Amino acid sequence: MQFIETRGNDGKKAEKVSFSEAILSPSASFGGLYVPESLPDFDETFIKEYGARYRDLAKAVLQAFAIDVDAQIVDRALMRYERFDDPDTPVPVVKLKEDLYVCELYHGPTRAFKDMALQPFGSMLGDLAQARNEHYLIMAATSGDTGPATLETFKNHPNVKVVCLYPEGGTSDVQRLQMVTEDAPNLKVLGVKGNFDDTQNALKSLLASDSFKAELRRRDIALSAANSVNFGRIIFQIVYHIYSYAELVRQGAIAYGEKIYLVVPSGNFGNALGAYYAKKAGVPIEKILIASNVNNILTEWIETGVYDLNGRRLIRTESPAMDILKSSNIERVLFDLFGADRTKAFMESLAKEGRFALNKEELSQLQMHFAASFSTDAECEAVIGDFAKEGYVMDTHTATCIKAYKTLREKALPTVIYSTAEWTKFSRAVAKALGRQFSFDKDALQWVSQETGAKVPEMIYALFEKPIVHQAVVTKEKIEEEMLRFL
Ligand SMILES: *Cc1c(COP(=O)(O)O)cnc(C)c1O
């Protein structure tokens, strides 16, 4: 299958590219993104045939997209699910009550859902680079979860270097330790003095710097990206939505053909986009319910059709992975619904005026697939407290799903919420929800575990003992110098 561009073609890039090209060089004409030319069928027949084992399903999904990647490389990529708690069931679907199920996406090595896609994607990208004898640099600015998962997946890969920038003091202890203790010669982690916006801006100016680009050329290193603008991540995020459906059939919640709701805690909309593609490809999904925190620009967009950055400032919440105002993957939904010309116009309007607006007809099309709500930190704390009493401990991102589940469903259909992080990554917020405040993750972890009986995996406790190998915390101005030294 070939890949086309969300903002149309500029006459300089190829009009269509293969999957491997789309993932190695993910930036498309006019700053757009790559999308598949069409979608395969993931209908009842497909789900029945492949839905039983996760890795078989993942392989069948990749095959259905007819990607130009050798079977050996695909198999190696899917072997990464061996690193999950239960390799045969990397994403357990657990019944919480009546018609409410939770699909746990956090059983990978960094305990957040980023592993679901980044683990196989990293293996695949690295192997492709090696097969072509090419060298890549992946740069990430992270507010917490992308960084650890990106470092972990590319660790020790000879053809890929990774640089990860994080805001000093802007992550949890566990997230920071997951980064600064990653010891491999191809990894560089830098703390940046400032907040996440400063960190992202520092990355942008580095990527625009002529001296930096010249140095990369001199060393024959190409830039790629591991964020969810890369379709190589999205493809793996379609799989678990199909799997959740198959699992609900197996658990007797539904019969084949009956519809379900999915609730997705969203930031850059990669997870939700995977659900949207699954729905479009034939999985019986009634609607995708988008859960946000008080950075509720997605809620506003889905309710009113207006996406407006003006007057908004990023608010720091206890669900930091969703503290996002420019949500990158809605562009792929816009393209799918309204085509390239309209998408380009929307994106230009967003860049120039800070907003774009769907018309009435377009809004009703969007609302055929999505509904949205947001929760405050206080609402999430209450949810965490309620569920902990019933014996289930969830993290702050997952908690935003419950209000969407309670308020947005128009039909009483079985519902899957997605748990995107283990509570251990946000233990201080979870402890606060349960009534105690701590200054350090380590104390919060122990207390919550004692209080609720929830287990802390060995790899989390081990972080506190590991030597810190990336000590550097620098000002924005010093980043380029540090980078050049690393390269
Ligand atoms: C990345 C992340 C999200 C948001 O996912 P998107 O695909 O960017 O919408 C939600 N929760 C957690 C814990 C995350 O790490």
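At 10% relative accessibility, Phe 46 counts as buried. This residue belongs to a predicted model, as do the others shown in these views.

**View A. The ring pair of Phe 46 and Tyr 50 in helix α2.** A search of the whole structure finds 20 aromatic pairs. In one of them, Phe 46 and Tyr 50 are tilted, with 5.0 Å centre to centre and 50° between the planes. The two residues lie four apart in helix α2 (residues 44–50), which means that about one helical turn separates them. An α-helix has 3.6 residues a turn, so residues three or four places apart point the same way. Phe 46 is buried, whereas Tyr 50 is partly exposed, with a relative accessible area of 29%.

**View B. A cluster of linked aromatic rings.** Phe 46 and Tyr 50 also belong to a cluster linked by ring pairs.

**View C. Lysine charges over aromatic rings.** The charged end of Lys 48 sits over the ring of Tyr 256, at 4.9 Å from the ring centre. Over the ring of Phe 30 sits the charged end of Lys 344, 4.4 Å from the centre.

**View D. Helix α11 and the glycine that follows.** Helix α11 covers residues 236–250, 15 residues in total. From first C-alpha to last it reaches 22 Å, close to the 21 Å expected at 1.5 Å a residue. The helix is mostly covered, with 14 of its 15 residues buried. Gly 252 follows α11 and has a positive phi, near 80°.

How values were computed:
Residues numbered from 1 in each chain as written. Predicted model: local features only at pLDDT ≥ 70, side-chain atom pairs only at ≥ 80, totals over all residues. Heavy atoms only, no water. Expected span 1.5 Å × (residues − 1). Buried < 20%, exposed > 50% of the residue type's maximum accessible area, 1.4 Å probe, protein only. Phe/Tyr/Trp six-rings, centres within 6.5 Å; stacked < 30°, edge-to-face > 60°. Lys NZ or Arg CZ within 6 Å of the ring centre and 35° of its normal.
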